Amino acid sequence: MSQTSSGMVGAGNVATNYTLPLSLPSSSSFAFFCSNTTIKRKGVVVSDYWAATNCNHKYIEKGRKRGYGIVASSNVASPSIWDDWKPLKAPSTPSLSDILWPSAGAFAAMAVLGKLDQLLAPKGLSIAFAPFGAVSTVLFATPTAPSARKYSMFMAQIGCAAIGVLALTIFGPGWLARSASIAASVAYMICTNSVHPPAASMPLLFIDGPKFHHLNFWYALYPGAAACILLSLVVRNLLLLETYITAK
């Protein structure tokens, strides 16, 4: 049984832990040991074991420098640039129920908003907008995602809508208001841990929609928060209906 001894090895401004076998290992295990852990020394990757015992130069691997001092070995495989263009591998093929219930929920949600839109039309108000189609997709297609949580939805919708009003007030209509409002909305959602992508369209909807300008900061509650309340009720009732049907 071989014994080991631990210590520190420094190379330049980098120091790493190393473990030395008291008895010399075989060439294969020695190469494996040398390739496992590395340190930086003048632009090359030098194995800890080499630094401690002056092992053969063949265990020195040339690498490329990075600004923060980490040297990546040239034999490390990088992911393909096409990986992002491939669909994720689903754990299983979705069942018919997995497709029908989210689709039915999205239909019911937009039907409710559309009918309410007809009732509000004589008063010059509207509530069925494109962003709520995206909200319906998040709620029904990915109900367990962090962006589908009620906290994320309401916090993002209200905050981003208010940011849109503020951006228009400061910069007026135009590209600067749009850009600043989106940047501020992203920062707001990250800071409040309420990333809800559909909410990022609320500032643009206000800035480019003169019919909303008279609402001023009431826009933070309508249509965003009001529509989210209705969508949440549709989600709840659909879940109850699904539970009732599957129980029978």
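Predicted model: local features only at pLDDT ≥ 70, side-chain atom pairs only at ≥ 80, totals over all residues.
Which residues line the largest cavity? Residues are numbered from 1 along each chain as its sequence is written, and side-chain values use heavy atoms, with hydrogens and water left out.

**View 1. Helix H3 (residues 96-120) against helix H4 (residues 130-141).** Helices here are DSSP runs (H or I, at least four residues), numbered from the N terminus. The two axes come within 9 Å and cross at roughly 145 degrees; axes are lines fitted to C-alpha atoms over the stretch in contact, with angles from 0 to 180 degrees between N-to-C directions. On the H3 side, look for Pro102, Gly105, Ala106, Ala109, Met110 and Leu113, which touch Phe132, Gly133, Ser136, Phe140 and Ala141 of H4 (contact means heavy atoms within 4.5 Å). That makes eight nonpolar, three polar and no charged residues, where Ala, Val, Leu, Ile, Met, Phe, Trp, Tyr, Cys and Pro count as nonpolar, Asp, Glu, Lys and Arg as charged, and the others, Gly among them, as polar.

**View 2. H3 against H8.** Here the axes sit 10 Å apart at an angle of about 140 degrees, so H3 and H8 are oblique to each other (under 35 degrees is roughly parallel, over 145 roughly antiparallel, 65 to 115 roughly perpendicular, and the rest oblique). H3 brings Ser97, Trp101, Gly105, Ala108, Ala109, Val112, Leu113 and Leu116 to meet Ala227, Leu230, Leu231, Val234, Leu238, Leu241, Glu242 and Ile245 of H8. By class, this contact has 13 nonpolar, two polar and one charged residues.

**View 3. The largest pocket, with about 250 Å³ of space.** A pocket is an open set of points on a 1 Å grid over the protein atoms alone, with protein on both sides within 12 Å along at least five of seven lines; lining residues have an atom within 4 Å of a point. Of its 13 lining residues, Leu139, Phe140, Pro143, Leu239 and Glu242 are the closest to the centre. H3, H4 and H8 (224-247) each supply at least two, and H8 gives the largest share, four.

**View 4. The largest cavity, about 50 Å³ in volume.** In a cavity, a 1.4 Å probe fits but cannot get out; a volume is the space filled by probe spheres set on the grid points, which are joined across faces, edges and corners. Back to the opening question: the lining is Gly124, Leu125, Ser126, Lys211, Phe212, His214, Leu215 and Tyr222.
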